[in-house]
Amino acid sequence: MNIDKLREEIEYDEGNVEEIYLDHLGLPTFGIGHLVRESDPEHGWEVGTAVSNDRCVEAFESDIKTVLSDC
């Protein structure tokens with residue numbers, strides 16, 4: 001599986017927000033729908049704080065590895 005191609009396709013559909021924002025449930029999120037966890041360095045950051053593109057890609061790749069493992 002080409003993870004870069006998958007990321008590009010999901011990013012095209014969902015977007016990539018390079019800052020902390022609140023999702024539809026009011027939970028802090030960034031990148032391509034990455035929910036901020038207590039273990040993330042971004043935990044506790046204020047809404048609107050910038051997150052680098054590299055970090056957004058890193059979080060996506062980690063999330064995808066988890067999804068693939070769960071499958």
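Modeller: The count comes to 6 salt bridges, in what is a predicted model. Side chains of opposite charge can pair when their charged atoms come close.

Start with helix H1, which covers residues 3–14. Here the side chains of lysine 5 and glutamate 9 form a salt bridge, with 4.0 Å from N to O. The two residues are 4 apart in H1, so about one helical turn separates them. Glutamate 9 is partly exposed, at 43% relative accessible area, and lysine 5 is partly exposed with a value of 43%.

Another salt bridge joins arginine 37 to aspartate 63, at an N to O distance of 2.9 Å. Aspartate 63 belongs to helix H2 (residues 53–70), while arginine 37 is in the loop between strand S3 (34–35) and H2; the pair therefore ties together parts that are 26 residues apart in sequence. Arginine 37 has a relative accessible area of 37%, so this residue counts as partly exposed.

The loop between S3 and H2 also holds aspartate 40. Aspartate 40 makes a salt bridge with arginine 55, and their closest N and O atoms are 3.3 Å apart. Because arginine 55 lies in helix H2 and aspartate 40 in the loop, this pair ties together parts that are 15 residues apart in sequence. Both aspartate 40 and arginine 55 are buried, that is, under 20% relative accessible area. The pair is also part of one network, in which salt bridges with shared partners join Asp40, Glu42, Arg55 and Glu58.

Conventions
Residues numbered from 1 in each chain as written. Predicted model: local features only at pLDDT ≥ 70, side-chain atom pairs only at ≥ 80, totals over all residues. Heavy atoms only, no water. Buried < 20%, exposed > 50% of the residue type's maximum accessible area, 1.4 Å probe, protein only.
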